[in-house]
Each structure stands twice: as C-alpha cells, then as structure tokens.
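My notes follow in the order I took them.

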Amino acid sequence: MVVRLGSIEIEFRKRGTRPRYLAYLVPFVAVVVALLVGSVVLVSAGVDPLTAYLALFNTAFGNSYSLSETIVKAIPLMLAAMGTAITFLAGFWNIGAEGQLQIGALAATWATLTFSGAPAFVIIPWTMLVTFVAGGAWGMIPAFFKVKLGADEILTTLMMNYVAILAVFYFVYGPWRDPAAYGNPRTPLLPESARIPAILGTRIHLTLFVALGIAVLLYWLLTRTKFGLEIRIIGGNKDAAKYAGINVFKNLLLVTLIGGGIAALAGMGEVAGLHYTLPKGISPGYGYTAVVVAWLARLNPVAIPASAFLFGGLLNGGYGIQMVFAVPIALVNAIQALVLFFVLALSIFYEYNIVVRRRR
Amino acid sequence: MGPRRIVLYINRNPSSTRRKVSELQETESAAAVVQMKGITKTFPGVLANDHVDFDIRSGEIHALLGENGAGKTTLMNILYGLYQPEEGEIYVDGRRVIINSPKDAINLGIGMVHQLFRLIPSLTVTENIVLGLRSSRRPFLDLDVAEKKLTDLSDRYGLKVDPKAKLWQLSVGEQQRVEILKALYRGAKVLIMDEPTSVLTPQEVNELMVIMKKMAAEGLAVIPFVTHKLREVMAISDRITVMRRGKVVATIQTKTTNERDLAMKMVGRMVLMETETVKVPSERAILELERLRAINDKGLLALEDVSLSIRQGEILGIAGVAGNGQTELAEVITGLRKATGGRILINGKDITNRSTREIMEAGIGHVPEKRVETGVVPDLNVRENLILTSYDDPSLSSRFLLERASIDRHVDKLIADFGIMTPSKDSQVRLLSGGNLQRLILAREVTRKNLSALVTVYPTRGLDVGATEFIRNTLVSLKKKGVAILLISEDLDEILSLSDRIAVVFKGRIMGVLSASEAKIDEIGLMMAGAVKAE
C-alpha cells in the first residue's frame with residue numbers, strides 16, 4: 001500500500017520475517033513517543049514537561065523508598081495484567097480484571113472474617129483459595145454468556161466491573177462496616193494471623209513473590225502443556241480450533257477461571273498485604289491499567305512484571321507531579337492512555353516495513 | 001522536483017473503437033489499444049513483474065496464462081490502477097497514461113470482471129449496474145434510461161439477462177454476465193476477466209465463450225487470465241502470453257501452439273498431464289453416508305438424503321458447481337456441522353453428530369476447504385501447526401504435557417518428507433506460500449494415526465502446477481495404502497483424472513454416481529446443472 005502526501009510517498013511493505021529486536025524496540029519507542037506527546041498535554045496545563053518528568057522519575061524511581069512504593073503499586077498491576085493477558089491470548093477480550101480484583105478483595109475479607117481464629121499457615125492458604133475461586137467464578141460468567149448467547153465479552157466484563165465495585169460499597173457501608181472507624185468506610189482490621197507479611201522496612205508484601213511465581217507458571221503452562229497450546233490455537237483462530245476438535249467452550253471457561261482467579265489475588269494482596277482492611281475504593285483502577293500493562297508486555301507473562309513495574313512508577317510518579325505542580329491526576333491517566341495508543345499503533349511495525357521516499 | 005502534473009487521456013467517443021475485425025486483420029500495423037512496456041513491480045522478496053511487455057488490439061482475445069504467483073494478477077492489477085509499477089510505461093490508444101486508481105482505469109475504458117462477483121443480491125440487475133454512477137436525473141434515479149441502454153448492450157453482445165430480475169434469482173453464469181455488462185455500461189473497450197470460467201458449469205463455459213467471441217467481433221479487446229484451464233485458452237483466444245516467475249516467457253499466436261507446449265512454457269519443464277491412476281479393488285466400504293440431511297448457515301436445506309459409500313482404496317469425486325452443498329457435506333462428515341437426519345458410518349461404526357475429536361479419532365482426516373481460515377493458525381509457528389490435529393496423540397504428548405523432543409522429531413520428519421519450504425519450524429505459517437501451506441496441512445492429515453478415510457475439499461485450488469502435482473500424487477499413494485478418499489473439487493479435470501467414481505451434486509442432492517472410466521464430461525455437465533442421470 002502506498003500513501004502519497006504531496007511529493008512524499010510512504011509505502012507499507014509486508015515483512016517477510018519478523019526480527020526479534022522489534023519485541024523490545026517497539027514497546028520502548030511507544031513509551032518514549034507517549035511521553036513526548038504527553039509533554040504537549042503538560043504544556044497545555046501550564047507545566048514545564050521537563051521538570052514534570054523529572055519529578056515523575058524521582059517520585060517513581062528516585063530513592064529506595066520511592067522504588068519500594070513503585071513495587072507496591074506494581075504487585076496488583078502484575079496480577080491483574082496476567083489474569084487479563086491469559087484471556088486475551090485465548091482471544092477473549094476480557095476487561096473485567098477490575099471487577100475480579102474487587103470480588104477478590106471481597107472474598108478475601110470474607111475468608112478472614114469467617115476463619116479469624118485460625119493460625120497463619122491455615123488462614124492464608126484458605127484465603128487464597130477462596131479468593132481464587134470467587135474471582136474465577138466471577139470471571140467465567142461472561143465466557144458462559146459469550147458461548148451460549150453470543151454476548152459480547154467487552155461489554156459484559158465492563159458492566160460486571162460496576163456490579164463488583166458497588167458490591168464492595170454495599171459491604172463496607174453496610175453489614176461489614178467497622179463502627180470504630182468513624183467517618184472512614186471500611187471493614188474491621190484483619191486479625192494478625194491473616195496478614196501477608198511484608199519485607200522489613202517496606203510495604204512490599206510477599207504477594208510479589210506469588211505474582212512472580214505465577215508469571216513463570218503461566219509461561220510454562222502456555223508453552224509446554226496441551227492446555228496452553230489449545231488456548232493459543234483458540235486465540236489464534238477459533239475456526240481452526242473447532243476444526244482440530246478442540247472444545248472451545250470448556251477451554252474458555254477454564255481460561256477465564258484461571259484469569260479471574262489470578263486477577264482476584266491482586267485484590268487479596270491489597271486487603272491482606274497492604275491495607276489490612278477492605279476500604280471503600282480498594283483499587284484506583286488497577287484492573288484497567290492492567291490492560292495497558294498486558295499489551296505493553298505483548299501478553300507475555302514473563303514480561304509483565306517489567307511492564308507492571310514501569311506502570312507502577314508512572315502511577316507513583318503521577319502522585320508526585322500532582323503534589324508538586326497541583327495538576328489533576330487525569331493528566332497521568334492521559335499519559336497511560338497514550339502509551340496504550342502508541343503500543344497498538346506501532347504494532348504495525350511488526351507486520352510492515354515502512355519506506356518513505358520522494359516521489360519520482 | 002515537484003509533483004508531476006498528471007494528464008489523463010480520456011476517450012469519450014466509443015464509436016471509434018468499433019472497428020471491424022476484418023479491417024484489423026488486413027492492416028497488420030493495427031495499433032494496440034493498450035500497450036504495457038517494461039512493467040516492473042516488486043513485493044517483499046518477490047519480483048512480481050520483471051520488465052513485462054504486454055499489448056492488446058481491438059477485436060482481439062489475448063489470454064494471459066501462468067501459474068499462481070507468475071505475476072499475471074499483478075500485471076492486470078497495475079493496468080486496472082490497483083498497483084503502481086516501479087518502472088515501465090502504459091499507453092492507451094498510443095498515449096502515455098498514468099493509472100492511479102480503478103476510477104482512472106474506467107475513465108480510460110478499461111474494465112475488470114472479477115472472479116468473485118461484486119454484486120448486491122437484493123437489488124435488480126439495472127440497480128446493480130447503475131450503482132455508484134451519477135444519474136442524469138439527479139437526485140432521482142434514471143432506471144428507465146439505464147434499462148434502455150442496458151438492453152442495447154445485451155442485444156449487441158448477446159449477453160442475455162433480464163434487467164428487472166433481482167440478483168439472487170440469477171444463476172452464476174447470469175451473474176457473471178451482469179458483471180460484464182457493468183463494465184461495458186461504464187464504457188469499457190478493454191475487458192480484463194479474472195479466471196472467468198472457474199465458477200461455471202461446462203455448458204455455461206460454452207455460452208461464455210460465444211459471448212467473448214461476439215464481444216471481440218464487436219471490437220472489444222478481451223484479456224482473460226487463466227491459471228490452468230489450457231483447453232479453454234486454446235479454444236477461445238487469438239493470442240496467448242505466458243508468464244512465469246514475473247517474466248513473459250512467450251507471446252504466441254494460438255494457432256501455432258498446443259496444450260502441451262503451453263504447459264511446458266508455464267512450468268518450465270515437461271509436465272505429466274495425467275496423474276497415475278491405480279485400481280485398488282476392494283469391496284469393503286470404509287465411509288458410508290445414509291440419507292444424510294443438513295441445513296446451511298441460512299437455515300436452508302443444504303443436503304437432502306445424500307447416500308454414498310466409499311470403499312477401501314477408492315477415490316470418490318464430488319463434482320458440482322460451488323455452493324451446491326459440497327462445503328456442508330465435508331462439514332457434516334467431520335463433525336463441524338450437525339446432521340439433521342441420516343447416518344454416517346466409518347468402518348461400520350456410527351459417528352453421526354459425534355464431536356470432531358471423536359470423529360478424528362475414529363480415523364477421518366480432513367483437508368479443509370479454507371486453508372488459511374480453518375486449516376491453520378496463521379500466527380502460530382510451523383511446529384505448532386503441524387501438530388494442530390495430532391498433538392493429543394500419545395506419541396506426542398502425555399496426559400497434560402507436550403513431549404517436546406518427540407514433537408520436534410515428528411515435525412522435522414514431516415517437513416523433510418513433504419518438502420515444506422520454511423526457514424525453520426519456528427517460523428509463523430502466515431509467511432508460507434499457498435502451496436507450502438497445503439503441503440503442511442496434507443502432511444499433518446495423511447500421517448495421522450489410524451487414518452482410514454480422508455475428506456479433502458478443493459485440495460489444489462489456487463496452487464501452482466508443482467504443488468498440484470505433489471498433492472495429487474500424495475492422494476494416489478494414500479489410495480494405494482487403502483485409505484478411502486472423498487475428493488471435493490471444482491476442477492472437473494482433476495476429478496476425472498483422480499477418481500474411481502464420480503458423484504454429481506446439485507442443490508444438495510446426488511444427481512447420480514458415475515464410474516470415472518465411463519463418465520463423459522457433457523453428461524457430468526448436464527447433471528451439474530440439475531439434470532438427473534439418464535439410466
């Protein structure tokens with residue numbers, strides 16, 4: 001295809017092979033371009049972009065405290081992104097990680113409330129199991145309706161997020177509200193035994209290692225097992241999957257169960273590892289940012305921790321700019337959106353070589 | 001250098017093109033309507049057109065012949081303005097032109113009849129034809145005027161079609177006439193026809209040939225481009241240009257050549273036109289269909305009481321115009337579509353409406369109609385695609401895990417045995433050519449464990465002569481091993497040369513089953529058009 005702009009011709013040539021370095025170059029360039037375009041947004045808000053980005057970088061990665069806080073933000077992003085990525089790989093456009101996270105937080109709270117007397121080695125695994133199953137069940141619902149009724153999963157997963165968020169509201173304002181917390185709507189503090197330990201001197205809870213373990217496990221599952229192959233076949237070409245005799249329904253239910261379960265663990269981490277309570281507004285939209293995190297990592301589970309770390313920094317740094325320059329947090333959200341935009345837009349380089357020349 | 005100012009020369013006087021053929025033959029110096037000189041066009045890694053010269057005169061049928069990938073489609077797309085050449089010049093009526101879009105081409109009097117018709121079923125013939133044109137009575141339609149002009153055109157060229165009929169009521173042959181009329185209505189004096197006979201019954205092919213001759217006699221220039229139907233090319237054309245690997249091999253007067261010579265020029269070597277046929281006598285029925293019924297995606301009856309039996313080592317060909325139930329037949333047998341009645345037996349075991357996986361395990365292989373859409377996962381690599389339907393086999397995987405070492409060994413063997421050209425087994429299959437893709441699918445399907453029947457749909461469609469030969473030979477060697485093969489094809493020559501028996505399908509019914517040795521092409525043609533077999 002050739003596009004003509006005045007005397008310049010731009011030709012899109014289909015690539016014969018896909019060079020490996022592109023997998024690193026494209027996301028990197030996308031982030032750089034997003035920051036460049038983002039600086040236009042910052043200028044229009046009356047902020048000098050260079051100082052702003054410097055402040056952002058300092059708040060995100062500048063010292064050991066900011067680094068640790070960035071990792072704290074990266075934990076839920078990582079889990080939610082992995083839960084999202086595995087369903088995307090199966091061609092299921094699930095943007096329900098936010099709701100699954102909320103349901104996970106709710107389930108984790110319930111599990112600790114019901115088992116509050118038990119020792120840590122009982123209550124924490126129990127909470128994980130309850131959380132995983134609850135988030136997984138929640139995540140499977142849209143898959144069921146997709147296969148049985150053809151309901152578009154983008155809409156159903158998105159709508160179910162609101163249901164989940166409002167369900168949390170109901171419990172923290174209603175039956176589970178801690179009367180001792182006065183104006184602060186939250187549940188009573190978790191018993192000591194139900195809390196996930198943190199690395200000494202930081203707020204980095206051990207959910208981090210669970211998340212890293214899941215990354216490796218997912219990678220193994222996707223590349224080494226029959227289930228993983230089936231998932232990628234379904235995601236690559238649903239008709240070929242049917243032709244190959246793969247049970248698409250069963251596999252979609254399974255993959256949304258796993259994806260929902262993993263995303264729900266993010267909610268458990270926030271409740272049991274960070275806040276030690278279920279507050280109103282447990283997530284500032286981790287589940288949505290997770291979509292961007294997953295795409296930036298090209299849906300590769302082992303690349304997600306790095307991409308989550310970057311976005312944790314962006315979130316954290318965003319608070320920095322917000323405080324220093326008194327600009328709304330929406331500006332930082334805009335930059336996030338720009339990253340997704342450019343990751344997707346620049347994906348064209350995976351398929352095409354672009355040649356620009358003067359017209360003959 | 002600033003942008004070049006482009007001047008298009010537009011012929012607004014159609015009468016000047018209506019020269020008599022006799023005049024043309026008398027004046028040997030008759031100028032070409034279209035002349036393409038030194039056309040060069042590259043795609044990544046492919047020199048699609050390498051300094052190609054091509055010309056056509058009024059009143060001439062000049063066929064463009066070549067295998068898939070020879071560059072004939074590229075050349076015609078350049079003439080029709082879909083691609084721009086990197087080098088070379090195009091002259092229309094002796095004037096240099098630059099054709100930037102199909103609109104420019106149409107203004108220059110160049111029309112294209114596509115292989116897949118671009119018509120709207122719910123509109124009438126006239127409506128389809130004026131679609132997109134400026135009406136003389138804007139904002140109202142001038143259907144009466146259009147209909148008058150249309151009737152004139154169809155009378156002059158013998159293109160019989162009812163202007164008031166809705167498109168969906170027309171046969172494929174009639175729809176093609178509408179496509180031709182559409183081009184003529186827009187003032188085409190040069191008509192490019194993309195594989196014009198590929199969707200027609202033998203009778204319709206004959207009618208089309210009469211029409212093409214008539215158009216040429218009326219002074220039009222006609223360029224049919226054709227992949228393998230050499231017999232038709234010989235019967236219809238005045239001149240033939242043969243292309244191979246982006247170059248023109250020869251431009252010849254049809255009178256001075258023959259089919260064998262053309263095939264050799266196309267492929268660059270001697271070609272065995274006949275595939276070896278082997279009789280494997282066996283009475284044992286492997287795949288049996290009993291009064292099978294099914295509905296299509298529109299909810300209409302697609303298969304009506306289809307009963308067939310394929311014996312061990314037998315190839316049963318299904319002949320028919322595309323869209324008469326062939327697709328549904330293959331889908332029902334392989335479990336991709338539910339049967340609404342009847343039974344399917346494999347080795348005596350009832351597999352009607354079982355899951356695809358169970359049917360595969362019962363011993364049925366499937367080379368699907370749509371290679372890219374259903375046969376492979378384009379983004380996955382060659383290794384993964386080669387085990388797409390066999391990864392569950394105990395030799396390649398345990399209960400849960402893929403056995404990487406044995407998969408690699410299996411895949412390496414298939415790549416070598418079937419000559420699949422790929423940079424490595426880690427390359428994405430989207431990068432493979434059509435012939436290699438089909439080799440991959442065939443390799444996978446015919447090497448499946450306990451294969452006793454193979455359903456193969458349009459196995460050589462769109463493939464070059466080399467790949468076609470390979471695939472046909474593979475089918476024959478499979479037959480020798482005793483596999484029962486259901487061969488669905490639109491290529492009658494293929495069916496005739498490979499099959500032991502031929503079943504003709506029309507509107508979802510089997511019109512009759514003929515023995516290949518006794519079948520006559522005319523008889524098959526009539527049955528394809530709905531005539532019941534004469535007993």
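I began with helix 9 (residues 259-267) of chain B. It lies across strand 3 (62-65), strand 9 (239-244) and strand 10 of chain B. I read its direction as about 30° to strand 9 of chain B. I keep in mind that this is a predicted model.

**The sheet in chain B**

Next I looked up the strand order. The sheet is open, has 6 strands and reads 6-7-8-3-9-10 in chain B. Its pairing is mixed. Which strands sit at the edges? They are strand 6 (110-113) and strand 10 (247-253) of chain B, and each pairs on one side only. I noted an average twist of 20° from one strand to the next.

I then checked the pairing at strand 6 of chain B. Strand 6 runs parallel to strand 7 (residues 190-194) of chain B, and 4 bridges join them. For B:Ile110, I found the bridge partner B:Val190 in strand 7 of chain B. A helix covers this part too: helix 6 (residues 172-185) of chain B packs on the sheet and touches strand 6 and strand 7 of chain B. The direction of helix 6 makes about 170° with that of strand 6 of chain B.

**A hairpin in chain B**

I moved on to strand 11 (residues 285-295) and strand 12 (residues 301-311) of chain B. They pair in the antiparallel sense, over 7 bridges. B:Ala294 stands opposite B:Leu303 of strand 12 of chain B. The hairpin has 5 residues between the strands. I looked up phi for B:Gly299 in this hairpin: it is positive, near 85°.

**Two helices in chain A**

How do helix 2 (residues 49-61) and helix 3 (residues 64-89) of chain A pack? I get an angle of about 80° and axes 5 Å apart. Angles of 65 to 115 degrees count as roughly perpendicular, so helix 2 and helix 3 of chain A are roughly perpendicular to each other. Helix 2 of chain A makes the contact with A:Asn58, A:Thr59, A:Ala60 and A:Phe61. Helix 3 of chain A brings A:Ser66, A:Leu67 and A:Thr70.

**Chain B against chain A**

Last, I looked up the contact between the chains. It takes 31 residues from chain B and 23 residues from chain A. Which elements of chain B give two or more residues to the side that touches chain A? I found helix 11 (356-361) and helix 12 (371-375) of chain B. The residues on that side of chain B divide into 16 nonpolar, 10 polar and 5 charged.

Terms used
Residues numbered from 1 in each chain as written. Chains lettered and ligands numbered in written order. Predicted model: local features only at pLDDT ≥ 70, side-chain atom pairs only at ≥ 80, totals over all residues. Axes fitted to C-alpha atoms, helices over the stretch in contact; angles between N-to-C directions. Parallel < 35°, antiparallel > 145°, perpendicular 65-115°, else oblique. Contact = placed C-beta atoms within 7 Å. Pairing = 2+ DSSP bridges. Nonpolar A, V, L, I, M, F, W, Y, C, P; charged D, E, K, R; others polar.
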